[in-house]
Amino acid sequence: MNAYTLVRQSEVYLASTFSYIDAVASYNTSKILHAFEHHEVSERHLSYSTGYGYNDDGRDTLDAVFAEVFDAEAAFVRPHIVSGTHAITIGLFGLLRPGDTLLSVTGMPYDTLKGTIFGKGQGSLADFGIKYRDVEMANSEKSPFDLAAIESILREDDSVKVVYAQKSKGYSLRPSLQSHDFEQLVRLVKSIRREVYVVVDNCYGEFTEYREPPNYGVDLVIGSLIKNPGGGIAESGGYIAGTKKAVELASYRLTTPGIGAEVGASLGATRNIFKGLSIAAHVTAQSLKTAALFACAYDALGYEVSPKHNDYRSDIVQTITFGDPDKLIRFVQAVQSASFIDSQVKPVPSPMPGYDCDIIMASGSFTLGSSIEISADAPLREPYAVYVQGATTYEAGRCCVEKTLENEVFDED
Ligand SMILES: *Cc1c(COP(=O)(O)O)cnc(C)c1O
């Protein structure tokens, strides 16, 4: 069998998975379109603002559209939020005060947040006397969360102000959360102390499901525009959406106390953020289909994949475990060679701050570092697993899958 045949065969198996992904994309696209209609997004909203950005109607309308799309009361979306980590940092500093505790209920948060939480001497949460605790996930039949442990901490420690969860598995080997998983968590937290905020790192999770976390009472969802909600078009930025109160508090860390989200020049970014959002549900579906194709083909070859091709998906990340450094490196290099930009570059493993081993990455993207465009990351350590995500079109994703498969040895029959 050759790579082409394996891809064709996988697509036959994937017919019902693909039609489910398309149905979710149709639903979310109609929700997004409806939000544009409802807020009467107009030509004038796409214009450039400068200076303080007073009366930037486009910015305010974009905020309102995002709020509606995320089933939230309020939101802000800004090109000057430099990354997902920055957006999450704004949210956490907005809600937490000295003496409060941040309780993570999905174990240790994403690597890049370590500086925000624990950093020394740079104004981290720890520097401001904000404590940190965490609970590992239970992944039992009853709940992905260890609800008993969370309950006992909330009852015994009244300094907990934020309960924090990461929806996507990110670069770990646990299952990703689904939006409805937050229903039970929110109910438990609010039944013990109403004033505790539930905050969700939504990176990679947007538009993969019919519902977003605020549908289930989450106070804040936070994400990056160079992932799902930017549709591969937004060139930088992040968003925060949630309850009016929590979004307002976060907005005072976005700019300054007293000013909040009322100012900020868009410098022309609004057009591409709207444009990206208009296709974001579709683009997310392209990434989901590409991930499912990777899963199906590599499963057929005997590799461990997570999720499996027909598993429910609530983020765009696909893991393939190679168990061998050379295969892993060849895979990442093949992903790079199937990228629109920098296809001639050969990535090699190299050290990265915050990691205890070398990392190899493929990211040949129009927007630097974008991971809604096809990209792959892998730490060079056991079990030699790669995290691959993105593809702005399924057709390009499919080419990439085929190219990586050409590395595998095939017997012609
Ligand atoms: C990408 C990501 C982040 C951080 O975003 P950056 O833009 O890389 O700073 C945080 N959490 C998860 C789950 C992510 O996927």
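Predicted model: local features only at pLDDT ≥ 70, side-chain atom pairs only at ≥ 80, totals over all residues.
Me: Let's start with helix 2 and helix 9. At what angle do their axes cross?

Reply: Roughly 170°, and the axes of helix 2 (residues 15-38) and helix 9 come within 9 Å. Angles over 145 degrees count as roughly antiparallel, so that is how helix 2 and helix 9 run relative to each other.

Me: Which residues of helix 2 and helix 9 make the contact?

Reply: From helix 2 you get Thr17, Phe18, Ile21, Asp22, Ala25, Asn28, Thr29, Ile32 and Phe36. Helix 9 brings Phe274, Leu277, Ser278, Ala281, His282, Ala285, Leu288, Lys289 and Ala292.

Me: And by class, what's in there?

Reply: The contact of helix 2 with helix 9 has 11 nonpolar, 5 polar and 2 charged residues.

Me: Ok, now helix 9 and helix 11. How do they cross?

Reply: Helix 9 (residues 270-300) and helix 11 (residues 394-405) have axes that come within 9 Å and cross at roughly 25°. That's under 35 degrees, so helix 9 is roughly parallel to helix 11.

Me: Is that crossing left-handed or right-handed?

Reply: Helix 9 and helix 11 cross in a right-handed way. On the helix 9 side, the contact is made by Gln286, Lys289, Thr290, Leu293, Phe294, Ala297 and Tyr298. Helix 11 supplies Tyr394, Glu395, Gly397, Arg398, Cys400, Val401, Thr404 and Leu405. Sorted by class, the contact of helix 9 with helix 11 has 8 nonpolar, 4 polar and 3 charged residues.

Me: How many aromatic pairs does the structure hold?

Reply: There are 23.

Me: While we're on rings, what lies over the face of tyrosine 204?

Reply: Lysine 227, at 4.2 Å from the ring centre.

Me: Switching to the backbone: is the bond from serine 306 to proline 307 cis or trans?

Reply: Cis, with omega near -5°. Proline 307 sits in the loop between strand 8 (304-306) and strand 9 (318-321).

Me: And the bond from glutamate 382 to proline 383, cis or trans?

Reply: Also cis, with omega near 0°. You'll find proline 383 in the loop between strand 11 (375-379) and strand 12 (385-389).

Me: Last one. What's the phi of asparagine 139?

Reply: Asparagine 139 has a positive phi, about 50°, although it is not a glycine.

Me: Where is asparagine 139?

Reply: In the loop between strand 3 (131-134) and helix 6 (147-156).

Note on methods:
Residues numbered from 1 in each chain as written. Heavy atoms only, no water. Phe/Tyr/Trp six-rings, centres within 6.5 Å; stacked < 30°, edge-to-face > 60°. Lys NZ or Arg CZ within 6 Å of the ring centre and 35° of its normal. Helix = DSSP H or I, 4+ residues; strand = E, 2+ residues; numbered from the N terminus. Axes fitted to C-alpha atoms, helices over the stretch in contact; angles between N-to-C directions. Parallel < 35°, antiparallel > 145°, perpendicular 65-115°, else oblique. Left-handed = near helix turned anticlockwise from the far one by under 90°. Contact = heavy atoms within 4.5 Å. Nonpolar A, V, L, I, M, F, W, Y, C, P; charged D, E, K, R; others polar.
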